[in-house]
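Student: I have not seen this structure before. Could you guide me through it?

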Amino acid sequence: MGYSMVLIVTSLLLVLQLSTVVAKGKAIGAPIMAPAPAPAPGPEYTNLTDLLSVAGPFHTFLNYLESTKVIETFQTQANNTEQGITLFVPKNSAFTSLKKPSLSNLTSDQLKSLCLFHALPRYYSLADFKNLSDMSPVSTLAGGNLYSLNFTDDSGTVHLNSGWSRTKVSSAVRATYPVAVYQVDKVLLPEAIFGTELPPMPAPAPAPVKDIAPTADGPAADQTGNAKAPASRDSSSPSASHKMMSWGILNHLFLAIGGGFLMFFL
């Protein structure tokens, strides 16, 4: 009986030891799996409406974006594309100082194009504007060569030329991918809309014309408009010379007749 118990215990120990060896062998032969890397965080969602509402005095421009629904286009470009977006936002004072031309005369399509003209379909940092100077003109979200901007980097100051208006970037409101927002001092007016509405140059005033009424029996006027003085009847006229010659002949005739009578009687 005692011998049987020793045999059972010994067998159990052998089984446990064998299981341990097999488990270690599997662990050694199995490849070590590294933990999967955590997914890279995507760009932070940017609500452009909230940003423009609190970032600065941009309410006038924001109202135009919302009324034309261009804000939805900007939002899609900012958060649903890899290129991102760059906005040039005029201050409220830029619209109040805009006397002529007036935006109230634009059609709905023209106003929409004007809003799209203030955005580039890609994210650009301030350092990227040096390259944009060499790439000018640069197409905007309004599309086409007629809606492009020219950039000039003057010692770090970025100047924009729309063909009709010129302005500069006065501050960076946000410059974090995928959204860059820069404040500009003037409204960007595309030449495609306003280029045909340049105020015409005033025509020169016509020279005043003297209203001189002709008189019935007045002296005739020459080509310069000056009246001719009547010719004087002096001795140089043909009628005066003819009369003088007639009187001279008669005088000689009378003298000849008188001298003949005197010789006859004497």
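Student: Where do the contacts in the chain fall along the sequence?
Tutor: Of the contacts (heavy atoms within 4.5 Å) between residues at least 6 apart in sequence, 61% join residues at least 24 apart. This is a predicted model, in which local features need pLDDT of at least 70, side-chain atom pairs count only at pLDDT 80 or more, and totals for chains, interfaces and linings use all residues. Residues are numbered from 1 along each chain as its sequence is written, and side-chain values use heavy atoms, with hydrogens and water left out.

Student: How many helices and strands does the chain have?
Tutor: There are 9 helices and 7 strands, taken as DSSP runs numbered from the N terminus (helices: H or I, at least four residues; strands: E, at least two).

Student: What order do the strands take in the sheet?
Tutor: The open sheet runs S2-S1-S7-S6-S5-S4-S3, with mixed pairing; two strands pair if DSSP finds at least two bridges between them.

Student: Which strands stand at the edges?
Tutor: They are S2 (119–120) and S3 (138–139); each has a single partner strand, so one side of each lacks a neighbour in the sheet. S3 pairs with S4 (residues 148–154) in the antiparallel sense over 2 bridges, and Val138 has Leu149 as its bridge partner in S4.

Student: Changing topic, how many salt bridges are there?
Tutor: The search of the whole structure finds 1, counting a side-chain nitrogen of Lys or Arg within 4 Å of a carboxyl oxygen of Asp or Glu. It joins the side chains of Asp185 and Lys91, at 3.9 Å from N to O.

Student: Where do those two residues lie?
Tutor: Asp185 is in the loop between S7 and helix H8 (191–194), and Lys91 is in the loop between S1 and helix H5 (92–96), 94 residues apart.
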